[in-house]
Amino acid sequence: MLFDMDGTLVDSEKLWDVALRELADAYGGSLSDAARKAMIGTSMAASMRILHEDLGQPERDPEVSAAWIDARILELFRTGLRWRPGASPLLRAVRAAGIPTALVTSSGRALVEVALDTLGRDNFDVVVCGDEVDAAKPHPEPYLTAARMLGVPIARCVAIEDSPTGVASALAAGAAVLAVPAEVPLSPADGVHQLESLTAADLELLAALLGEPPPVR
């Protein structure tokens with residue numbers, strides 16, 4: 001099992017929204033809804049480029065902006081991180097069944113370490129962060145890296161995602177994809193099973209996505 005983090009396991013996009021809009025305000029501007037939606041699921045570098053262009057300030061240093069966001073979002077994660085509906089029970093069921101599990105996120109390692117205080121470090125055999133791969137989502141590398149580290153063929157993996165960027169990454173890698181949209185609607189796509197919430201997901205569904213019989217209990 002390959003789990004995305006932001007918007008999939010935890011309701012963190014609202015915290016990112018707070019930090020990004022605060023930074024835009026500090027720069028004397030206002031972040032548009034279209035630009036905010038375009039950032040979802042992207043790397044920090046890509047998000048900062050979108051923010052600067054949206055504010056009409058492309059000359060700003062993306063590393064400076066990223067450092068500001070990193071510091072603010074760490075504060076917000078420590079105090080306001082919440083599970084998405086159905087995410088915690090599904091993760092517990094996957095682990096209880098002994099299924100190899102990876103966290104595959106565009107967020108950087110420092111932030112993920114804070115999030116793992118909520119998610120539980122023992123819930124993942126492998127953690128792949130956005131600043132630890134050469135190419136971020138929507139490139140397939142994050143999911144291919146996770147499958148390789150787990151020692152499982154990517155075709156035998158289910159990736160759970162919430163964003164168009166993440167879905168594109170998982171599909172390009174060759175995983176079966178379960179999509180649960182959070183902040184951005186997802187268009188129907190071949191190879192993608194879509195649910196409104198992870199409260200409707202269980203081990204039987206995950207097995208079916210791989211064409212396997214339901215697990216024996």
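Reader: Which residues are in contact with Phe-3, leaving aside its neighbours within four places in sequence?

Author: They are Leu-9, Leu-90, Leu-91, Val-94, Thr-101, Ala-102, Leu-103, Val-104, Phe-124 and Ile-160; contact means heavy atoms within 4.5 Å. This is a predicted model, in which local features need pLDDT of at least 70 and side-chain atom pairs count only at pLDDT 80 or more, while totals for chains, interfaces and linings use all residues. Residues are numbered from 1 along each chain as its sequence is written, and side-chain values use heavy atoms, with hydrogens and water left out.

Reader: Why is Cys-129 called buried?

Author: Buried means under 20% relative accessible area, exposed over 50%, and partly exposed in between (1.4 Å probe, protein chains only). Cys-129 has a relative accessible area of 1%, and is therefore buried. Cys-157, at 2%, is buried as well.

Reader: How do you know that Cys-129 is too far from Cys-157 for a bond?

Author: A disulfide is a pair of cysteine sulfur atoms within 2.5 Å. The closest cysteine sulfur to that of Cys-129, in Cys-157, is 18 Å away, and so too far for a bond. A search of the whole structure finds 0 disulfides.

Reader: What makes strand 4 and strand 5 a pair?

Author: Strands are DSSP runs (E, at least two residues), numbered from the N terminus, and two of them pair if DSSP finds at least two bridges between them. Strand 4 (residues 158-161) and strand 5 (residues 176-179) are joined by 4 bridges, and therefore pair; they run parallel. Within strand 5, Val-177 is the bridge partner of Ala-159.
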